[in-house]
Amino acid sequence: MEKRWTVVEVMRHARHDWLNKIQLIKGHLALNKIERVQEIIEDIIGEMHQETRLTNLKAERFAELVMTYNWEPRPLFLEYEITDGEADWSRCDEQLAEWCRKFFRLLEAQADERTENHLCLSIELSGRRAALFFDYRGTFRDGEAIRTWLERCEPSPPLRLASFAVGEGELTVELELLTAES
């Protein structure tokens, strides 16, 4: 069952995140590290641009999953980036969110929580092509279980599992979003 965030919970997490950023800026200002403050502000602006791109995909369930993923304790950290471009993913929002939720659960079950585990999601929008690239770095218990799941999972159109590779401490997955013209 997926967590449904209330407005109050969302505001609490957002406030906490912003307070952390402001305290970081204050600390560096107190140390007169102006260049570092400028870097932090640029990072914050970059994060806000990425959130805007994510929400502009019009896939609310998917965006909620990605934006709130790190709000709960998990054995892996998710980061994301979206290339320039626009798309309307509203027609596949539920399917995409559900596939990602299952994939994240699989990784959580296999991740060794004694190590740092990172999952980077890159969304590439170019012309009529849209692809999601998942890049995992860390330790997992059973790479074969991940490989078997990926071999057996068959996302329904317009999603298509284009490729995957499971190695020692790393995993890459490409999930395509097929357009009506494809």
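Tutor: Let's start with a term: a nonpolar core is a set of buried Ala, Val, Leu, Ile, Met, Phe, Trp, Tyr and Cys residues joined through side-chain atoms within 4.5 Å. Keep in mind that we're looking at a predicted model.

Student: Okay, so which residues have the most contacts inside the largest nonpolar core here?

Tutor: The general idea goes like this: in soluble globular proteins, nonpolar side chains tend to be buried together. Here the largest such core has 42 residues, and the ones with the most contacts inside it are F62, W89, W99, F103, F134 and L171. Elements giving two or more residues to this core are α3 (60–68), β1, α4 (93–110), β2, β3, α5, β4 and β5. Helix α4 supplies the largest share, eight residues.

Student: Let me zoom in on W89. Leaving aside its neighbours within four places in sequence, which residues is W89 in contact with?

Tutor: With that sequence neighbourhood set aside, W89 touches L57, K58, A59, F62, L96, I123, L125, A130, L132 and L177.

Student: Next, the sheet. In what order do the strands come?

Tutor: You get β1-β2-β3-β5-β4, an open sheet of five strands with mixed pairing. Because β1 (77–82) and β4 (159–167) stand at the edges with a single partner strand each, one side of each has no neighbour in the sheet. From one strand to the next, the twist averages 15°.

Student: How do β2 and β3 pair, parallel or antiparallel?

Tutor: Antiparallel: β2 (residues 118–126) and β3 (residues 129–137) are joined over nine bridges. If you want a spot to look at, S126 stands opposite R129 in β3.

Student: And which strands does helix α5 touch?

Tutor: Helix α5 (residues 143–152) packs on the sheet against β4 and β5 (170–177), and its direction makes about 160° with that of β4.

Student: Zooming out, how do the elements run from the N terminus on?

Tutor: Follow the chain and you'll read α-α-α-β-α-β-β-α-β-β, which gives five helices and five strands. For contacts with a separation of 6 or more, residues 24 or more positions apart account for 67%. Of the 182 residues, 38% count as buried.

Student: Which residues does the UniProt domain annotation cover?

Tutor: The unreviewed UniProt entry places "domain: Sporulation initiation phosphotransferase B C-terminal" on residues 59–173. In the model, that span is 32% helix and 32% strand, and its end C-alpha atoms lie 20 Å apart.

Definitions and conventions:
Residues are numbered from 1 along each chain as its sequence is written. This is a predicted model: local features need pLDDT of at least 70, side-chain atom pairs count only at pLDDT 80 or more; totals for chains, interfaces and linings use all residues. Side-chain values use heavy atoms; hydrogens and water are left out. Two strands pair if DSSP finds at least two bridges between them. Helices (H or I, at least four residues) and strands (E, at least two) are DSSP runs, numbered from the N terminus. Axes are lines fitted to C-alpha atoms, for helices over the stretch in contact, and angles run from 0 to 180 degrees between N-to-C directions. Contact means heavy atoms within 4.5 Å. UniProt positions are given in the numbering used here, feature names are shortened, and annotations may be inferred rather than shown by experiment. Buried means under 20% relative accessible area, exposed over 50%, partly exposed in between (1.4 Å probe, protein chains only).
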